[in-house]
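The sequence and structure come first, and the notes follow.

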Amino acid sequence: MADRLTRIYTRSGDRGTTALADGRRVDKYHPRIEAIGDLDELNALLGVLLAELAADDPLLAVLAPLQHDLFDLGGELAMVDEAYRVMDAEAVASLERHLDALNGALPPLQEFILPGGNRASALCQQARAVCRRAERRLVELAGREPVNCHSLGYLNRLSDLLFVCARVLARRQQGREVCWQPRHRRQHSD
């Protein structure tokens, strides 16, 4: 592979715009760039989460490929070409298979779950929240420009998968999920 970057800085964004893959420049707050930025943040959070897991953790096989998918999705958004589609029905179906397998081993939800339980679970919940934001940004973009419907479905399932993974992680090492207690119930337990 040839060198892609010979210099990290270009100075071309100093005036508040950035280039898309087709060379067109848009404001750095354009919904497309906001969505790409949220995908980048999500990918970084997944990297932190993955660093928390042991090398033999079975969740690595589920979570590690997501980083590549998110980079692909960011590339799809940067291309601004309706003919260039990375996400497809199989990408969404793959997430659903992982969801079904992981969720099937968990007890049914009885309460709302709060982020916590342990560091890995909390990080996974943080990634889920950022994924939801990325999904909202993509929906916003879809209101202005054509967006791959499978990309929207992918982010929707991914946030669900991250929620289920957080539940799995919270139960590790004799841990437990942190259940929400409404204010009135907390006040009566004091």
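## Arg144 and its loop

Leaving aside residues up to four places away in sequence, Arg144 touches His30 and Pro31. The model is a predicted one. Arg144 sits in the loop that runs between helix 4 (119–142) and helix 5 (149–170). Its relative accessible area is 54%, so Arg144 is classed as exposed. Arg144 and Cys124 are 20 residues apart along the chain, and their C-alpha atoms are separated by 31 Å.

## Salt bridges

Side chains of opposite charge can pair when their charged atoms come close. Across the whole structure, a search finds 13 salt bridges. Three of them are listed here.

| Pair | N to O distance | Location |
|---|---|---|
| Glu145 and Arg32 | 2.5 Å | loop between helix 4 and helix 5; helix 1 |
| Glu41 and Arg133 | 2.9 Å | helix 1; helix 4 |
| Arg157 and Glu96 | 2.8 Å | helix 5; helix 3 |

The loop that holds Arg144 also holds Glu145. Glu145 and Arg32 meet in a salt bridge, and because Glu145 lies in that loop and Arg32 in helix 1, the pair ties together parts 113 residues apart in sequence. Are these two partners buried or exposed? Glu145 has a relative accessibility of 16% and therefore counts as buried. Arg32, at 4%, is buried as well.

Glu41 forms a salt bridge with Arg133. Glu41 is in helix 1 and Arg133 in helix 4, so this pair ties together parts that are 92 residues apart in sequence. Glu41 is partly exposed, with a relative accessible area of 34%, and Arg133 counts as partly exposed at 24%. Both residues belong to a network of salt bridges that links Glu34, Asp38, Glu41, Arg133 and Arg137.

Arg157 forms a salt bridge with Glu96. Since Arg157 lies in helix 5 and Glu96 in helix 3, the pair ties together parts 61 residues apart in sequence. Arg157 has a relative accessible area of 23% and is partly exposed; Glu96 counts as partly exposed at 30%.

## Nonpolar core

The largest nonpolar core has 42 residues, and those touching the most other members are Leu42, Leu63, Tyr154, Leu155, Leu158, Leu161 and Leu162. At least two residues of this core come from each of helix 1 (31–52), helix 2 (59–79), helix 3, helix 4 and helix 5. Helix 5 gives the largest share, 10 residues. With residues up to four places away in sequence not counted, Tyr154 touches Leu66, Asp69, Leu70, Met87, Ala91, Val92 and Leu95.

## Aromatic pair and surface patch

A pair of aromatic rings is described by the distance of the centres and the angle of the planes. The structure has 1 aromatic pair. The ring centres of Phe112 and Trp180 are 5.7 Å apart and their planes stand at 65°, so the pair is edge-to-face. This pair links distant parts of the chain, 68 residues apart: Phe112 is in the loop between helix 3 (89–104) and strand 3, and Trp180 is in the loop between strand 4 (178–179) and helix 6 (183–188).

Phe112, Leu114 and Trp180 form a nonpolar patch on the surface, and together they have about 320 Å² of accessible area. Phe112 is exposed, with a relative accessible area of 60%. Trp180 counts as partly exposed at 36%, and so does Leu114 at 34%. Leu114 lies in strand 3 (residues 113–114).

Conventions: Residues numbered from 1 in each chain as written. Predicted model: local features only at pLDDT ≥ 70, side-chain atom pairs only at ≥ 80, totals over all residues. Heavy atoms only, no water. Helix = DSSP H or I, 4+ residues; strand = E, 2+ residues; numbered from the N terminus. Buried < 20%, exposed > 50% of the residue type's maximum accessible area, 1.4 Å probe, protein only. Contact = heavy atoms within 4.5 Å. Patch = residues over 30% accessible without salt bridge, like charges linked within 9 Å, V, L, I, M, F, W, Y side chains within 5 Å. Areas by Shrake-Rupley, 256 points an atom, 1.4 Å probe, with all protein chains shown as cover. Salt bridge = Lys/Arg side-chain N within 4 Å of Asp/Glu carboxyl O. Phe/Tyr/Trp six-rings, centres within 6.5 Å; stacked < 30°, edge-to-face > 60°. Core = buried A, V, L, I, M, F, W, Y, C linked by side-chain atoms within 4.5 Å.
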